[in-house]
Amino acid sequence: MKLLFASDLHGSAYYAEKLEELIRNEAPDKTVLLGDLLYHGPRNDLPREYDSKKVTAILNGLKTQVLAVRGNCDAEVDQMVLEFPILADYGVLLLEDRLAYLTHGHVWNLDHLPPLRPGDLLLCGHTHVPAWAPFGENNWCLNPGSLSLPKQDSPHSYLTLEAGQAVWKDLDGTPFHTLTL
């Protein structure tokens with residue numbers, strides 16, 4: 001199974017359209033959105049082509065493709081316009097013999113770990129910086145970075161996970177880091 005992970009769209013219609021294009025090009029089985037979909041948040045600048053109504057329409061067009069968790073900028077009012085669930089604080093996927101714990105990262109993160117087994121993965125966004133950090137007993141924390149508002153000079157990025165291989169890519173689809181799990 002191929003999964004595409006993206007986070008921190010923050011209402012950018014430009015990057016929502018890029019996400020649509022990435023999904024067409026990558027052809028994942030599912031796309032996992034790790035929160036902060038429609039609103040830019042009080043600590044962020046407005047992203048390119050900020051238009052939460054247009055982003056809503058784009059994401060609703062992807063509703064059968066998307067799994068999502070709630071970010072710190074997502075609210076009940078966002079769920080009223082989105083046609084797929086976004087209000088779960090976390091999700092869990094079974095990937096062969098390990099679990100992938102999906103969360104935004106503002107609650108559950110490396111400083112505040114959820115209950116995980118050895119070998120499980122923690123996937124989160126929130127920091128807007130791509131990351132891959134080992135912890136525990138063969139556990140990894142994976143962060144796709146941000147589609148629309150990258151920080152710390154990181155690229156606009158996303159992550160694919162397939163057959164035990166995590167690949168971070170820029171928006172042109174060019175890999176910049178690969179990790180065998």
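Q: Which elements each supply at least two residues of the lining of the largest pocket?

A: First, the ground rules. This is a predicted model, so local features need pLDDT of at least 70 and side-chain atom pairs count only at pLDDT 80 or more, while totals for chains, interfaces and linings use all residues. Residues are numbered from 1 along each chain as its sequence is written, and side-chain values use heavy atoms, with hydrogens and water left out. Now the idea: on a 1 Å grid over the protein atoms alone, a pocket is an open set of points where a 1.4 Å probe fits, with protein on both sides within 12 Å along at least five of seven lines, and lining residues have an atom within 4 Å of a point. Helices (H or I, at least four residues) and strands (E, at least two) are DSSP runs numbered from the N terminus. Here, β4 (90–95) and β9 (157–162) are the ones that each supply at least two lining residues.

Q: How much space lies in the largest pocket, and which residues are closest to its centre?

A: A volume is the space filled by probe spheres set on the grid points, which are joined across faces, edges and corners. For the largest pocket that comes to about 240 Å³. Its lining has 13 residues, with L95, E96, L161, A163 and G164 closest to the centre.

Q: How does that lining divide by residue type?

A: Ala, Val, Leu, Ile, Met, Phe, Trp, Tyr, Cys and Pro count as nonpolar, Asp, Glu, Lys and Arg as charged, and the others, Gly among them, as polar. On that scheme you get 8 nonpolar, 1 polar and 4 charged.

Q: What lines the second largest pocket?

A: This one holds about 170 Å³. Its lining also has a count of 13 residues, and N109, L110, C124, T127 and C141 lie nearest the centre. Strands β7 (130–135) and β8 (139–144) give two or more residues each, and β7 gives the most, with 3. By type, the lining splits into 6 nonpolar, 6 polar and 1 charged.

Q: Let's turn to a single residue. Where does K54 lie, and what is K54 in contact with beyond its neighbours within four places in sequence?

A: K54 is in helix α2 (residues 52–61). Contact means heavy atoms within 4.5 Å, and with those neighbours left aside, K54 is in contact with A13 and E17.

Q: Which side chain meets that of K54 in a salt bridge?

A: A salt bridge puts a side-chain nitrogen of Lys or Arg within 4 Å of a carboxyl oxygen of Asp or Glu. K54 pairs with E17 at 3.0 Å, N to O. The pair links distant parts of the chain, 37 residues apart: K54 sits in helix α2 and E17 in helix α1 (residues 13–26).

Q: Are these two buried, exposed or partly exposed?

A: Buried means under 20% relative accessible area, exposed over 50%, and partly exposed in between (1.4 Å probe, protein chains only). K54, at 35%, is partly exposed, and so is E17, at 32%.

Q: How many salt bridges does a search of the whole structure find?

A: The search finds 6. One of them joins K169 and E26, with the closest N and O atoms 2.8 Å apart. K169 lies in strand β10 (residues 165–170) and E26 in helix α1, so the pair ties together parts 143 residues apart in sequence. Both K169 and E26 are buried. Through shared partners, salt bridges join K2, E26 and K169 into one network. R70 and E76 also form a salt bridge, at 3.5 Å between the closest N and O atoms, and R70 is buried, with a relative accessible area of 19%.
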